[in-house]
Amino acid sequence: MVSERGETVLQVNQSDSFRIIDAHAHSDVKFSWQHTPEQLLSMMRESGIEQSVITSYWDLPSRHDPHAVQRFEDALKAHREFIGFLRLNPNDRDAETLLANIATGKLIHGLKLNPMTTAVPPWSENSLKLVAASSELGLPVLFHTGDDPISTPLQVERVAKVCPEASIILGHMGGFFYVDEAIRVAKRNRNVSLETSVMPYPRMIQKAVESIGSERIFFGSDAPGVHSAIEIQKVVASGLSKDDQRNVFSDSFQELIRST
Ligand SMILES: [Zn+2]
């Protein structure tokens, strides 16, 4: 298959394809990453993805790029294929106000926190404040997890315990080295879900489904930096049943954000 940009891309198997929602993608410009809405939309079409969660690359509100918030809002207003998760820097004093303002406009369906890029521990007071505010608004919180000491699944488990009413998603389901830990954390805490992007082991998706069921596991790709067709193939290669595939590719996430 040849893409709109003339590149050869993976052919997603259409014969057993399901509706696909991508629970982890990006639309933003930062340093050398020029990931415009159009670029993500083009990749979504190539991969057969109906809707994608987008977050910015900047932890908002960014002092480094004063246009970052506007860019995020514009992308959401212009494209109904996008589902907004607001990425915040918990140590920015305007973070909570921005969350309240954007949530009031019904523009977002979740919060994204990245302890690694913000250097703010998941269980720090400012981070917990945002998690509590989100759960009061009925919004789930997607945490970047994996591979660095500040964002392991065990660190995020402290948040799930302190805020049992919050719905917490472990992004990358622990990354490279903490996948077993992510599955154990999700098994111990009913308010924790797993998101599959970039985690490199198809068999661990099968293991996660055996451990916690497919209702709390969401397909994610980290597109367009990562090609979403590869991430789809990874889930297909994990050998899930048709029902579990349907849950992971769309139904479970759809259910999560149904009321947001
Ligand atoms: Zn990402």
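Two strands pair if DSSP finds at least two bridges between them; strands (E, at least two residues) and helices (H or I, at least four) are DSSP runs, numbered from the N terminus. The model is predicted: local features need pLDDT of at least 70, side-chain atom pairs count only at pLDDT 80 or more, and totals for chains, interfaces and linings use all residues. Residue numbers start from 1 along each chain as its sequence is written.

**View A. The open sheet of eight strands.** Pairing is parallel, in the order E1-E4-E5-E6-E7-E8-E9-E10. Because strand E1 (21-26) and strand E10 (217-218) each have a single partner strand, they form the edges, and one side of each lacks a neighbour in the sheet.

**View B. Strands E8 and E9.** E8 (residues 168-171) and E9 (residues 192-195) run parallel and are joined by three bridges. Ile169 stands opposite Ser193 in E9. From E9, Val192 and Leu194 point one way, Ser193 and Glu195 the other, and all are buried (20 or more other C-beta atoms within 10 Å of the residue's own, with C-beta atoms placed from the backbone). Helix H7 (residues 179-188) carries the chain from E8 to E9 in a right-handed β-α-β crossover, that is, with the strands pointing away from the viewer, the path from the first strand over the helix to the second runs clockwise.

**View C. Strands E9 and E10.** Two bridges connect these parallel strands, and Leu194 stands opposite Ile217 in E10. Together with helix H8 (residues 202-212), E9 and E10 make a right-handed β-α-β unit.

Notes
Buried ≥ 20, exposed ≤ 12 C-beta atoms within 10 Å, placed from the backbone.
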